[in-house]
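User: I am new to this structure and would like to know what stands behind the terms used for it. Please set each value against its definition.

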Amino acid sequence: MASIKFPNTSFQEAKLRRVYEAKDFDNKGYVSTNDWENWGKIAAEKVGSDLDDEGKEYWVSVGESYFGNTKSYDEWTGFFAAFIEKCPNYREISRDINVKLFKAIDSNKDGVVNLAEYKAFVTALFPNLTDDDVEYGFNIIDEDGDGVLCQEEVATACAHYYYDEEDTKYKHFYGRWDEKSRGGSIWTWLTSSCYE
């Protein structure tokens, strides 16, 4: 077991719980490679395509890289802690994994993620996001303002989402996220756990 603590702050904990719970598509209480494949299928359907073998490989590979064979949130955060402890360059390695995520999101394989692809990616996970929420997150990631997301922008923003301990703009990687506009189990958890 890792000797470092991860997550380190209640804010980081809230972000991680938010995505962990959302990624459990089959409601087994943990995130599996099957969940990642399901996420990819839903995102592909939202842009009017099917998840091909290459796309499936990207989705599953990212899931395996980020989740290993963990069977609970605590195992997953322990997996992350051990990764951070063993790899001083963990942010760089994570960005490499996030390149695969970029390729998974880029469903039309044109080398950029457009707003429709990003929307499919985030609303497959968080179906209650509004168009404004989606565009807000997209614009945060689109550092150069060219209207599409490049591989570097996605990889960097995703790494920040998972590793930033404090509130930064990258908390919106999965669309606008603020406790006043989101319902659901994470907000119940936040109110009962973080802000007592």
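**Charges, rings and helices**

Analyst: Lys15 lies over the face of Tyr161, at 5.2 Å from the ring centre. This is a predicted model, in which local features need pLDDT of at least 70 and side-chain atom pairs pLDDT 80 or more, while totals for chains, interfaces and linings use all residues. Residues are numbered from 1 along each chain as its sequence is written, and side-chain values use heavy atoms, with hydrogens and water left out.

User: What makes the charged end of Arg17 sit over the ring of Tyr73?

Analyst: A charge sits over a ring if NZ of Lys or CZ of Arg is within 6 Å of the ring centre and within 35 degrees of the ring normal. The charged end of Arg17 is 4.1 Å from the centre of the Tyr73 ring and is listed as sitting over that ring.

User: How many aromatic pairs are there, and what kind of pair do Trp36 and Trp39 form?

Analyst: Rings of Phe, Tyr and Trp (its six-membered ring) pair if their centres lie within 6.5 Å; planes under 30 degrees apart count as stacked, over 60 as edge-to-face and the rest as tilted. By this rule the count is 32 aromatic pairs. Trp36 and Trp39 have centres 5.0 Å apart and an angle of 50° between the planes, and this pair is tilted. Both residues lie in helix H2 (residues 33-46), three residues apart, about one turn of the helix.

User: Why is the pair of Trp76 and Phe80 called edge-to-face?

Analyst: The ring centres of Trp76 and Phe80 are 5.2 Å apart and the planes stand at 75°, so the pair is edge-to-face. Trp76 and Phe80 are four residues apart in helix H4 (residues 73-86), about one turn of the helix.

User: How do you know that H4 has a span close to the expected one?

Analyst: Helices (H or I, at least four residues) and strands (E, at least two) are DSSP runs, numbered from the N terminus. The expected span of a helix is 1.5 Å times one less than its number of residues. H4 has 14 residues and reaches 20 Å from its first C-alpha to its last, close to the 20 Å expected. In total the protein has nine helices and zero strands.

User: Why does Ser94 count as buried?

Analyst: Buried means under 20% relative accessible area, exposed over 50%, partly exposed in between (1.4 Å probe, protein chains only). Ser94 has 0% relative accessibility, so Ser94 counts as buried. Ser94 is in helix H5. Of the 196 residues of the protein, 48% count as buried.

User: What makes Tyr163 buried, and which residues does Tyr163 touch?

Analyst: Tyr163 is at 3% relative accessibility and therefore counts as buried. Tyr163 lies in helix H8. Contact means heavy atoms within 4.5 Å. Not counting residues up to four places away in sequence, Tyr163 touches several residues, including Phe6, Gln12, Tyr90 and Ser94. Tyr163 and Tyr90 are 73 residues apart in sequence and 9.5 Å apart in space, C-alpha to C-alpha. With sequence neighbours within four places left aside, Ser94 is in contact with Tyr66, Phe83 and Tyr163.

User: Which helices do the buried residues of H4 pack against?

Analyst: The buried residues of H4 pack against helix H1 (10-23), helix H3 (53-67), helix H5 (90-105) and helix H8 (151-163). Among the buried residues of H4 are Tyr73, Trp76, Phe80 and Phe83.
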